[in-house]
Amino acid sequence: NEHLEEVLNHINHEDKKEIVAKYGKNEQDTGSTEVQIAMLTQKIAELTEHLKSNKKDFATKRGLLMMVGRRKGLLSYLKSKDLEGYRSLVKKLGIRG
């Protein structure tokens, strides 16, 4: 369980700053939907890599599926509030085919 938390909190400070700078409205904008989706996408990518070499790590797999669900919810919220912003974010992150 401690291992899972370590993996989940793996995005280091510099990566977070970079994501906020790229997708946020300013440097302090950590809570906007776009930033949250970008952070989750980064974590999902890292966990996917981890699970490729640790196929039986079911606790992490569950965490990954929960993150995917959270990201899906945030994406549908963004889609309903700001369709253009949604489209550009999906394109930037390279998600949803």
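**Salt bridges and burial in a predicted model**

Colleague: Why are Glu-49 and Lys-52 separated by about one helical turn?

Modeller: In this predicted model, Glu-49 and Lys-52 are three residues apart in helix 3 (residues 33–53), and therefore about one helical turn separates them.

Colleague: What makes the pairing of Glu-49 with Lys-52 a salt bridge?

Modeller: The closest N and O atoms of Glu-49 and Lys-52 are 3.1 Å apart; the limit is 4 Å, so the pair qualifies as a salt bridge.

Colleague: Are Glu-49 and Lys-52 classed as exposed or partly exposed?

Modeller: Exposed requires over 50% relative accessible area. Lys-52 has 52% and is therefore exposed, whereas Glu-49 has 48% and is partly exposed.

Colleague: How many salt bridges does the structure hold?

Modeller: The structure holds three. Another of them joins the side chains of Lys-25 and Glu-34, with an N to O distance of 3.7 Å.

Colleague: Is Glu-34 counted as buried or exposed, and why?

Modeller: Its relative accessibility is 16%. Buried means under 20%, so Glu-34 counts as buried.

Colleague: What makes Glu-84 and Arg-87 a salt bridge?

Modeller: Their side chains meet at 3.4 Å, N to O, within the 4 Å limit. Both residues lie in helix 5 (residues 83–93), three residues apart.

Colleague: Why is Ile-19 called buried?

Modeller: Ile-19, in helix 2 (residues 13–23), has 9% relative accessibility; that value is under 20%, so Ile-19 counts as buried. Leaving aside neighbours within four places in sequence, Ile-19 is in contact with residues including Val-35 and Met-39.

Conventions. Residues are numbered from 1 along each chain as its sequence is written. This is a predicted model: local features need pLDDT of at least 70, side-chain atom pairs count only at pLDDT 80 or more; totals for chains, interfaces and linings use all residues. Side-chain values use heavy atoms; hydrogens and water are left out. Helices (H or I, at least four residues) and strands (E, at least two) are DSSP runs, numbered from the N terminus. Buried means under 20% relative accessible area, exposed over 50%, partly exposed in between (1.4 Å probe, protein chains only). Contact means heavy atoms within 4.5 Å.
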